[in-house]
Amino acid sequence: GDIKDQVLVDIFEGGVRIQLVDKAGKPMFDMGSTRPTSLAVRILSVIGDKIKVLPNPVAVEGHTDAVAYRSGAYSNWELSTERALTARKELETLGLDPKRLTRVAGYADTVPLFTEDPEDPRNRRISVILLFPQKSR
């Protein structure tokens, strides 16, 4: 039920992308934190269950919104990267084979989901990407 509207699944050139998006009042991580909320853990466990049995290589990406982060030394780059790493650890704990990981990356606010509103909370998200196997040459 309520999980559905915070998970977006789409197919793009390289694979299937599963995105966990924040909604106003229902964040995946507390503000400025890399600790996942219980909602995020629940969603990740559903995703982890589904993907751990598949053979596809996996990439995990973290994204933030464009709201400037207040403390100088720590930016949306750190935040997005550390959240991606947190999601990766969570998925491995749930049984994802670490050998399947090809990329864990943070993109700060450079790839917004909603370009017309860079501060939209839904731009804060974790993408778990199941990559299609490369065709052998």
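**Helix packing and strand pairing in a predicted model**

Helices α1 and α2 are oblique to each other, a class for angles that are not under 35 degrees (roughly parallel), over 145 (roughly antiparallel) or 65 to 115 (roughly perpendicular). The model is predicted: local features need pLDDT of at least 70, side-chain atom pairs count only at pLDDT 80 or more, and totals for chains, interfaces and linings use all residues. Residues are numbered from 1 along each chain as its sequence is written, and side-chain values use heavy atoms, with hydrogens and water left out.

Two packed helices are described by the angle between their axes and the distance between the axes. Helix α1 covers residues 38-51 and packs on α2 at an angle of about 55 degrees. The two axes are 9 Å apart. Axes are lines fitted to C-alpha atoms, for helices over the stretch in contact, and angles run from 0 to 180 degrees between N-to-C directions. The crossing of α1 past α2 is right-handed, meaning that the near helix is turned clockwise from the far one by less than a right angle (anticlockwise is left-handed). From α1, Val41, Leu44, Gly48 and Ile51 make the contact. Their counterparts in α2 are Ala87, Glu90 and Leu91. Contact means heavy atoms within 4.5 Å.

Asparagine 76 belongs to α2, which spans residues 76-93. Helices (H or I, at least four residues) and strands (E, at least two) are DSSP runs, numbered from the N terminus. Asparagine 76 is buried, at a relative accessible area of 11%. Buried means under 20% relative accessible area, exposed over 50%, and partly exposed in between (1.4 Å probe, protein chains only). The side chain of asparagine 76 reaches the backbone oxygen of valine 67 at 3.2 Å.

Strand β2 (residues 15-21) is mostly covered, with 6 of its 7 residues buried. Strand β2 pairs with β1 (residues 7-12) in the antiparallel sense over 6 bridges. Two strands pair if DSSP finds at least two bridges between them. A hairpin through 2 residues joins β1 to β2. Valine 7 has leucine 20 in β2 as its bridge partner. Strand β2 is also joined to β5 (residues 125-131), by 7 bridges, and these strands run antiparallel. Here isoleucine 18 stands opposite valine 128 in β5.

The loop between β4 (101-106) and β5 holds alanine 108. Its phi is near 50 degrees, a positive value in a residue other than glycine. Alanine 108 is buried, with a relative accessible area of 2%.

Technical notes
A polar contact is a pair of N or O atoms within 3.5 Å; within protein, one must be able to donate a hydrogen and the other to accept it, and residues adjacent in sequence count only if both atoms are side-chain atoms.
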